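Please keep the sequence and the model in view while reading.

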Amino acid sequence: MDMHGYQQYKAQSINTMTPGELLMLLYDELIKRLTRAEIALKNENFEVFDESIIRCREILRYLDDTLDMQYPISHDLHRLYDFFSYELSRVQAGRNEKVLAEVKPRLTDLRDTFRQAQKAGGV
């Protein structure tokens, strides 16, 4: 398989996505990385765990940076993203499985809420 062609295809598909589709892609990646962090922590693979948590925090930072603060919901989302980023820093610092188990369902719920809004035409 031609990797250059695959990279072009991947870039083109991302560039043609709607904002709602991009948002879902980011949230799906966030949940995937949280799952990867959970598995890595259980297997004591701390390198993969750290990489996964760092990537989650980068995604949250990106989501926060792209908020349009002219909308009241953006202020609420900013606080949520800040909270989740803080919690993930606690997860990483203490390799805290309990906090990770609390954060993941909350982020999954947030993703599912955005998915419902997208289907309803709101995102």
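**Basis**

This is a predicted model, in which local features need pLDDT of at least 70 and side-chain atom pairs count only at pLDDT 80 or more, while totals for chains, interfaces and linings use all residues. Residues are numbered from 1 along each chain as its sequence is written, and side-chain values use heavy atoms, with hydrogens and water left out.

**The chain as a whole**

The protein chain has five helices and zero strands, giving the pattern α-α-α-α-α along the sequence. Helices (H or I, at least four residues) and strands (E, at least two) are DSSP runs, numbered from the N terminus. Of the 123 residues of the chain, 31% count as buried. Buried means under 20% relative accessible area, exposed means over 50%, and partly exposed lies in between (1.4 Å probe, protein chains only). A contact means heavy atoms within 4.5 Å. Among contacts between residues at least 6 apart in sequence, 64% join residues at least 24 apart.

**Helix H3**

Helix H3 covers residues 46–65, and its 20 residues should span 28 Å at 1.5 Å a residue; the end C-alpha atoms are 28 Å apart, which agrees. The expected span of a helix is 1.5 Å times one less than its number of residues. Buried in H3 are Phe49, Ser52, Ile53, Cys56, Ile59, Leu60 and Leu63. These residues cover an arc of only 120° around the axis, which puts them on the same side of H3. The arc is that of the directions from the helix axis to the C-beta atoms. Glu47 and Asp65 are exposed on the other side of H3. The cover over the buried residues of H3 includes helix H2 (19–42), helix H4 (72–94) and helix H5 (97–119).

**Helix H4 and its neighbours**

H4 has 23 residues and reaches 34 Å from its first C-alpha to its last, close to the 33 Å expected at 1.5 Å a residue. Its buried residues are Ser74, Leu77, Tyr81, Phe84, Ser85, Glu87, Leu88, Val91 and Gln92, and they pack against H2, H3 and H5.

The axes of H3 and H4 come within 10 Å and cross at roughly 165°, so the two helices are roughly antiparallel to each other. On the H3 side the contact is made by Phe49, Asp50, Ile53, Ile54, Cys56, Arg57, Leu60, Leu63 and Asp64; on the H4 side, by His78, Tyr81, Phe84, Ser85, Leu88, Ser89, Val91 and Gln92.

H4 and H5 have axes that come within 10 Å and cross at roughly 150°, and are therefore roughly antiparallel to each other. In this pair, residues of H4 including Leu77, Leu80, Tyr81 and Phe83 meet residues of H5, among them Val99, Leu100, Val103 and Arg106.

Axes are lines fitted to C-alpha atoms, for helices over the stretch in contact, and angles run from 0 to 180 degrees between N-to-C directions. Angles under 35 degrees count as roughly parallel, over 145 as roughly antiparallel, 65 to 115 as roughly perpendicular and the rest as oblique.

**Single residues**

| Residue | Relative accessibility | Class |
|---|---|---|
| Arg111 | 15% | buried |
| His75 | 36% | partly exposed |
| Arg95 | 38% | partly exposed |
| Glu44 | 58% | exposed |
| Lys119 | 72% | exposed |

His75 lies in helix H4. His75 and Asp64 are eleven residues apart in sequence and 9.6 Å apart in space, C-alpha to C-alpha.

Arg111 is found in helix H5. Not counting residues up to four places away in sequence, Arg111 touches Met24, Tyr27, Asp28 and Ile31.

Lys119 is also placed in helix H5. From Lys119 to Gly20 the separation is 99 residues in sequence and 9.5 Å in space, C-alpha to C-alpha.

Two loop residues remain. Glu44, in the loop between H2 and H3, has a positive phi of about 55° although it is not a glycine. Arg95 is found in the loop between H4 and H5, and its phi is near 45°, a positive value in a residue other than glycine.
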